[in-house]
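Hello,

I am passing a structure on to you, along with some notes on what turned up in it. Please have a look at it first, and then read on.

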Amino acid sequence: MLVDGKQMRPIWFDADLKIAKVIDQRMLPHQLVVADLNTVDDVIEAIREMFVRGAPLIGATGAFGVYTAVLRDQECNDDRLAAECDRLKAVRPTAVNLAWGVERVLETCMGRDDRDARLAAALAESLAIVEEEAENCRLIGEHGLSLIREISRKKGGKPVNILTHCNAGWLATVEYGTATAPMYTAFDQGIEIHVWVDETRPLNQGARLTAWELGKHGIAHTVITDNAGGHLMQHGMVDLVIVGTDRTTWTGDVANKIGTYLKALAAKDNDIPFYVALPSSTIDWEMDNGVTSIPIEERDPAEISHIQGLDGGGNLVKVLVPPPASPCANHAFDVTPSRLVTGLITERGMCDASREGILTLFPEKR
Ligand code: MRU
């Protein structure tokens, strides 16, 4: 996507250095810092510390993690590669894309004894994942456009107010984003939209990243507190909710950033359509009950107790909010049951958030 006139992706391959590079998203929107993924430990740190985040991007980074493991192992040892892949898959538990990306590249490597051939295969598969995910998001934008266009038509061209949570934009994928893809497509086609951006405590992916992305693209948006959505919905100020997801069961239950469930409840109570946008790499084809089965990541309580921002002198600083002795609990995701989801927007089209709906789009999984 365009950043100040320059095409950027959150991950890319540096052919000279033969390594992947990523934007260190912890510093956005105040600093644009690039990090090199030289070793598997670098990849693990980038995912754990959230230089990269967002399910599809974690999947792509995990894929490059396998490439990096092959690059750093002169002996082409299968057991060592499998162990590195286990380490990569364990870094963040909720997004199913991580295991998906790692396993996909691992499969292409196994059985290749020649290191150069293995390295070439790992790179080709990682690059293929990146390009496929970019195309999937473009298609999500095409399919989701009809929702926005229809609301715009009904409102006689007045701005369509869309609420989103966290960052499911291009920074969380490779291009376009998932939840944001229909917004970019609608905007590019001249449909007037305005986006309510949940700040998304504790790490403020909405306030820092979604607001930055939308602003760079020229899309009207307003950052709101995480608790404002219900009020706005009650007062007719939200036409549509679109969020992303880290794992959606094949029965339609949706794990996403903590707070998503509350937005879905408020949307249901106010008869507002609540859509979830995702590439098929985010579907868990084995899990039936998301509420009881999806592993929910618990992160460092310091992410709750401390908040990061720019001080008056332009320095990035962290400040303490609660009393130092008060314990904090940092559940990073929640699960929205399928009954609260109006529909899913995928690269193959839209469907009900149900087994039947999903299998209609992906009949090969029957
Ligand atoms: O903790 P994060 O920032 O990785 O959480 C990201 C989200 O919750 C996104 O909404 C989700 O991954 C979808 S990304 C297209």
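Helices here are DSSP runs of H or I with at least four residues, numbered from the N terminus. Arg208 sits in one of them, helix H7, which spans residues 205–217.

Before going further, note that this is a predicted model, in which local features need pLDDT of at least 70, side-chain atom pairs count only at pLDDT 80 or more, and totals for chains, interfaces and linings use all residues. Residues are numbered from 1 along each chain as its sequence is written, and side-chain values use heavy atoms, with hydrogens and water left out.

Which side chain of opposite charge is nearest to Arg208? That is Asp24, 7.6 Å away. Arg208 has no salt bridge (a side-chain nitrogen of Lys or Arg within 4 Å of a carboxyl oxygen of Asp or Glu), although Arg208 is buried (under 20% relative accessible area, 1.4 Å probe, protein chains only). Its side chain does reach two backbone oxygens: that of Gln25 at 2.8 Å from a polar atom, and that of Leu203 at 2.8 Å.

A polar side-chain atom of Asn256 lies 2.6 Å from a ligand oxygen. For Gly54, a backbone N or O atom is 2.9 Å from an oxygen atom of the ligand. The protein covers 100% of the 410 Å² of accessible area that the ligand has on its own (Shrake-Rupley method, 1.4 Å probe).

Best wishes

Conventions:
Helices (H or I, at least four residues) and strands (E, at least two) are DSSP runs, numbered from the N terminus. Buried means under 20% relative accessible area, exposed over 50%, partly exposed in between (1.4 Å probe, protein chains only). Lys and Arg count as positive and Asp and Glu as negative; His and the chain ends are not counted. A polar contact is a pair of N or O atoms within 3.5 Å; within protein, one must be able to donate a hydrogen and the other to accept it, and residues adjacent in sequence count only if both atoms are side-chain atoms.
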